[in-house]
There are 2 protein chains.
Amino acid sequence: MDKNSPIEFTLAERTASVTITQWVYATLRNAVMYGKILPGRALTIRELAKELNVSPMPVREALRQLAAENALEIQGNRRVIVPKMTAMKFNELCQARMALESHAAERALPYIDETRLQLLQQIDAQIDDTQISGNHEPISALNQEFHRTLYTANPHQVTLPLIESLWLQLGPFMKLASAHLELSTQVDRHTEAMAAIESRDAFALQLAIKADIREGFNFASTPESLQCFIDESNRHN
Amino acid sequence: MDKNSPIEFTLAERTASVTITQWVYATLRNAVMYGKILPGRALTIRELAKELNVSPMPVREALRQLAAENALEIQGNRRVIVPKMTAMKFNELCQARMALESHAAERALPYIDETRLQLLQQIDAQIDDTQISGNHEPISALNQEFHRTLYTANPHQVTLPLIESLWLQLGPFMKLASAHLELSTQVDRHTEAMAAIESRDAFALQLAIKADIREGFNFASTPESLQCFIDESNRHN
DNA sequence: ACAACATTTTTGTGATCACAATAATTTATA
DNA sequence: TATAAATTATTGTGATCACAAAAATGTTGT
């Protein structure tokens, strides 16, 4: 149990009119989403409060909020940890992403206008530029922005919070997996998605989104390689 | 603004080894789920604390948790309210339920054994018994239990928390709508679902679940009648 | 009678403290 | 030396308080 493994916080911007709780929440969320905290790592209120130079109170609230989003897990002994991954759970999370996000894309399609399409193309171009660097975090962040921009075209959207919950649950594990993976093999499904949008083809859009999600996880194409990453992620604690 | 409209709390059971926060959470969640709090109703920490005979602290945490689940909405002025419904949002919530729950049912199907099927039949029988009374709350609770029992057959389930979030968002509005509706017209789609399970027909099961959800909302079959209920629900504040 | 201003009250936020439960460490025992 | 028991340290929970922002109320001027 390397309970004391340090956490590389990327401190969120601390603008005015943002409460300390919101700032702590954003900071912790970012740490979970981009795998800065290892699965199984125990998080204590006082430790985080000291680390972030705030009182325990905002940390308490932020932790509870993240637990409500299934990003953290409150154990029976009231300890808060980053949940561990299993092969079956990983599979369920991927399947849930495909079901929910293809649905969100379909419901967003009628609302996508020329402006939003250009926005999507712009983000996709940024992804191509960043692809060379090979860093996991900025690519992952841009990829999320692409999906978010697509789904939020629907002004009555209700699924994004649910989708973000799934992203959060996959985050800690993806970081570990991406370290052992060359991303270069990835085909650009975003282009296919945008073609489907232009031709107003809901079915093709759903296929493209599902393919994009599936390929993001194709490092774990065989059960053996998946199990290997899971063992790796759980070895440290 | 009948800000002071009373809230009929059904107090959750206060067993030992349950924290006050958990108890308050369960109580408030129940109130939201079964429409005891009108949409638009502002909730203040101190008011609820006094009402429930607890200190403000557990109420604070419970409210934040419910807000994280999209059951409550934190406004810009930091006030907490039960979100108001719109026709478009209502439609999106129904569509999301159908997409997510039919997916959950499909993923659960392989795990359903004889024992669980009997459990489902038992719950369905209870629903038939309660149907006569006409009360919204117990029928709704049993209906939820039926769906929950189905989805949790899958031991690696990850979608139930997301589904419950959708239920919570629909809760306050359903109560208002059900008051103007005779439920007797409802066909029993649960029987169809169980037949699909027995024949291991995933597609038929998905259809049955979708039909069950759709029919639960068929009081709002025309846009006009839906708008009528929405106006009614928002008139009070 | 109604708008604009000043005053009072109420509210969420965040800090600090007490306490019981849990975990970690030390000491005692075989 | 290994295991059990006792002690110490740490933790989450919940209560209380101070404070600034916001809402409600009261007051004034036209």
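**Entry 1: the contact between the chains**

I counted two residues as in contact if their C-beta atoms, placed from the backbone, lie within 7 Å. The model is predicted: local features need pLDDT of at least 70, side-chain atom pairs count only at pLDDT 80 or more, and totals for chains, interfaces and linings use all residues. Residues are numbered from 1 along each chain as its sequence is written, and chains are lettered from A and ligands numbered from 1 in the order in which they are written.

Helices here are DSSP runs (H or I, at least four residues), numbered from the N terminus.

**Entry 2: the symmetry**

I then looked up how the copies are related, and a rotation of 180° with 0.0 Å of shift along its axis superposes chain B on chain A (RMSD 0.0 Å). That is the relation of a two-fold axis. The same surface serves both copies, as 100% of the contact residues of chain B recur in chain A. The superposition is by least squares on the C-alpha atoms of residues with pLDDT of at least 70 in both copies.

**Entry 3: the α4 pair**

I found that the axes of α4(A) and α4(B) come within 10 Å and cross at roughly 150°. This makes α4(A) roughly antiparallel to α4(B), a term for angles over 145 degrees. Among the residues that make the contact are A:Leu100 and A:His103 of α4(A) and B:Leu100 and B:His103 of α4(B). This helix contact has four nonpolar, four polar and four charged residues.

**Entry 4: the DNA strands**

I found 17 residues around DNA strand C, the closest being A:Thr19, A:Ile20, A:Thr21, A:Ser55 and B:Ile45. A residue is near a strand if its C-beta atom, placed from the backbone, lies within 6 Å of it. Around DNA strand D I found 15 residues, the closest being A:Ile45, B:Thr19, B:Ile20, B:Thr21 and B:Ser55.

Definitions and conventions:
Axes are lines fitted to C-alpha atoms, for helices over the stretch in contact, and angles run from 0 to 180 degrees between N-to-C directions. Helices (H or I, at least four residues) and strands (E, at least two) are DSSP runs, numbered from the N terminus. Angles under 35 degrees count as roughly parallel, over 145 as roughly antiparallel, 65 to 115 as roughly perpendicular and the rest as oblique. Ala, Val, Leu, Ile, Met, Phe, Trp, Tyr, Cys and Pro count as nonpolar, Asp, Glu, Lys and Arg as charged, and the others, Gly among them, as polar.
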